[in-house]
Amino acid sequence: MHMADALLSPAVGGAMYAASAAAAAYSVKKVKEDFNARKVPVMGVMGAFVFAAQMLNFTIPGTGSSGHFCGGMLLAALLGPYAAFLTMIAILLIQCLLFADGGILALGCNIWNMAFYACFFGYFCIYKPFMKNGMSKGKLVAACIIGSILSLQLGAFSVVLETTASGITELPFGVFAAAMQPIHLAIGTVEGLITAAVLVFIYQTRPELLNAEASENKFSLKKLLIILGVVVIIIGGALSLVASSNPDGLEWSIGNVTGADELESDGGVHDALANVQDKTAVLPDYSFGNDNAAGTSFSGIVGSGLVAGLCVLLSVIFGVYKKKKKAKTE
Amino acid sequence: MGKISDAIYEVHYMDTIASKDSPVHRVHPLAKLIVTVAYIWFTVSFSKFNVTGLITMVVYPVALFSVSGVSFGHSIKKLRIILPLVILMGIFNPIFDREPRFMLYGLTVTDGMVSGLTLIIKGMLTVLGAYLLISTTRIESICYALNILHVPEILVTQILLTYRYITVLLSEANHIFEAYSLRAPFQKGIAHKVWGSLIGQLIFRSIDRATALYDSMVLRGYNGNFRHSQLPGARLKDFSYVFIWGAVFSVLRFTSLTTLIGSLFV
């Protein structure tokens, strides 16, 4: 998933550098806050460990092929997300300089795609909630597999977005995404299985090495929302700029039947409701009117934010309902 | 395992060539870092149809290869890693963009062909630019440059420590894998039953090594602050290096030099 400089425009490369630098600055601040001098050499050596482990080939059962792992989730589980993120930056920089694996301009993108999602999204949104009430073998396996798959899917999707936004390739967005996502689903599953196997082994032999903070019974909804918010802004904001202007599935079907994108109204209640919608819609047809690009982008962010908000709301309602049910049965 | 031995060789080789002496090797690391970033930036900023302009950017690698004495042959190996991906992306351009651009000896050259070619040239030039930086500058010197740029101390230390321990842990991984291969001679890769224990053993060895490293650092006066080697400050020739290359890149980027030269003959 390492991106080359040639696949990026300076604007996209610069923007992703800024995003990764902000995440790095925050991580440095957090690592400094609970500074432990002993952790510095551990981070350095663990970086070299990931480098070495990436060179090993793992046989994928039943396929005859082999795969290797990236290590972001594993580092986050061992060192904590902030130290893991900084360690991943060091690994990616060395890979870029020494092995020409990824470009110097593309370093910001590579940090974001491979380190940010694994260390922050994978850790805060998947690993930590799973470990909330204590670790177990099953929880470790589930967290690693789900976390790795989702992190790699987000990373692969970001590669598609960044390349398409750079305007370098003529490959249509949909075709590119359709090629990238399934292959990274397979890679993510293998990555998750290897990470799970390693973490279960550590859990059974030297559990004190696992980052204890993850299993503390404090779940920060604020942190979860911040991470989700950042992902929403990057994916929603950028994605909507390259979204297809072709009709969606329903519009396409209606178009084929009636010859128009939308059905004609027959007055009455429909017209009255449409009138209300026109007056209340913040961004009619996903735009500000004059500035289509800004409007589409803003619509993407607002829409994704609302969907994320709705998901959080539903999970809170579900949690309250579950608690009440539990109290009733007790 | 060939892959691991290759990686160990590669690290040692790059260390060796970066330690050589040449006018380029002697330039201040910060100056080389700035020029490399500028070179990559200018190169990728060319429009996807400006092949002739982009080709002029070859001046930088040609000049640096000849002055530094770095082997061009070895850099081809680096291109092997990144080029397949770039070619894969570029190969679709002629398929999806068939707008005719110009005729060449009766053959219609489309926009997609031109943009695909531009993508491949950009890929090659940017890799060569980065390769020339690392093959003429030691990683410690690059870290020193990052220090001057106020990159946080802890991040610079991570880069240095990770780099220093790569060969050590690659050797460890090699030993583990060789031992495994001797017991499972005809197996491709590592069987899933031992994924956890094999990598887990490597982690334990790494952490034990990190503990030993920490103890030895403490014995040598480590108190949380890592001391970097100091290099001489920037001299006039370092400023000139940045200024001259900056001017060259600007001229190549903002003037149509190839058209200008061509018009002299046509």
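A:Y123 sits in helix 5 (residues 107-131) of chain A, where helices (H or I, at least four residues) and strands (E, at least two) are DSSP runs, numbered from the N terminus. This is a predicted model, in which local features need pLDDT of at least 70, side-chain atom pairs count only at pLDDT 80 or more, and totals for chains, interfaces and linings use all residues. Residues are numbered from 1 along each chain as its sequence is written, while chains are lettered from A and ligands numbered from 1 in the order in which they are written. Let's take a tour, residue by residue and helix by helix.

**A:Y123 and its surroundings**

- A:Y123 counts as buried because it has 31 C-beta neighbours inside 10 Å. A residue is buried if 20 or more other C-beta atoms lie within 10 Å of its own, exposed if 12 or fewer, and partly exposed in between, with C-beta atoms placed from the backbone.
- Leaving aside residues up to four places away in sequence, A:Y123 touches A:A76, A:P81 and A:K128. Two residues are in contact if their C-beta atoms, placed from the backbone, lie within 7 Å.
- A:M73 is 50 residues from A:Y123 in sequence, yet their C-alpha atoms are 6.9 Å apart in space.

**Chain A as a whole**

- Chain A has eleven helices and two strands, and along the sequence they follow the pattern α-α-β-β-α-α-α-α-α-α-α-α-α.
- Of the 330 residues in chain A, 44% are buried.
- Take the contacts in chain A between residues at least 6 apart in sequence: 75% of them join residues at least 24 apart.
- The average pLDDT of chain A is 76, and 63% of the residues score at least 70. Here pLDDT is the predictor's confidence in each residue, from 0 to 100.
- Over residues 242-254 of chain A, pLDDT stays under 50, and the model has 13 contacts beyond four places in sequence for this stretch.

**Where the two chains meet**

- In total, 72 residues of chain B are in contact with 63 residues of chain A.
- Several helices of chain B each supply at least two residues of the side that touches chain A, among them helix 1 (2-18), helix 7 (111-136) and helix 10 (195-219).
- Helix 9 of chain B gives the largest share of that side, 16 residues.
- By class, the side of chain B that touches chain A has 45 nonpolar, 18 polar and nine charged residues. Ala, Val, Leu, Ile, Met, Phe, Trp, Tyr, Cys and Pro count as nonpolar, Asp, Glu, Lys and Arg as charged, and the others, Gly among them, as polar.
- A:L86, found in helix 4 (residues 81-99) of chain A, counts as buried because it has 27 C-beta neighbours inside 10 Å.
- Not counting residues up to four places away in sequence, the residues that A:L86 touches include A:V31 and A:M43 as well as B:I154, B:L155 and B:Q158.
- A:V31 is 55 residues from A:L86 along the chain, with 9.2 Å between their C-alpha atoms.
- B:I82 lies in helix 5 of chain B and, with 26 C-beta neighbours inside 10 Å, counts as buried.
- With the same exclusion of residues up to four places away, B:I82 touches A:A4 and A:A100, along with B:G123 and B:V127.

**Helix 8 of chain B**

- Seven of the ten residues of helix 8 of chain B are buried, so this helix is largely enclosed by the rest of the structure. Among the buried ones are B:I139, B:C143 and B:L146.
- Helix 2 and helix 9 of chain B are included in what covers these buried residues.
- The axes of helix 2 and helix 8 (residues 139-148) of chain B come within 8 Å and cross at roughly 80°. Axes are lines fitted to C-alpha atoms, for helices over the stretch in contact, and angles run from 0 to 180 degrees between N-to-C directions.
- That makes helix 2 of chain B roughly perpendicular to helix 8 of chain B (angles under 35 degrees count as roughly parallel, over 145 as roughly antiparallel, 65 to 115 as roughly perpendicular and the rest as oblique).

- B:H150 is found in the loop between helix 8 and helix 9 of chain B.
- B:H150 is not a glycine, although its phi is positive, about 65°.
- With 7 C-beta neighbours inside 10 Å, B:H150 counts as exposed.
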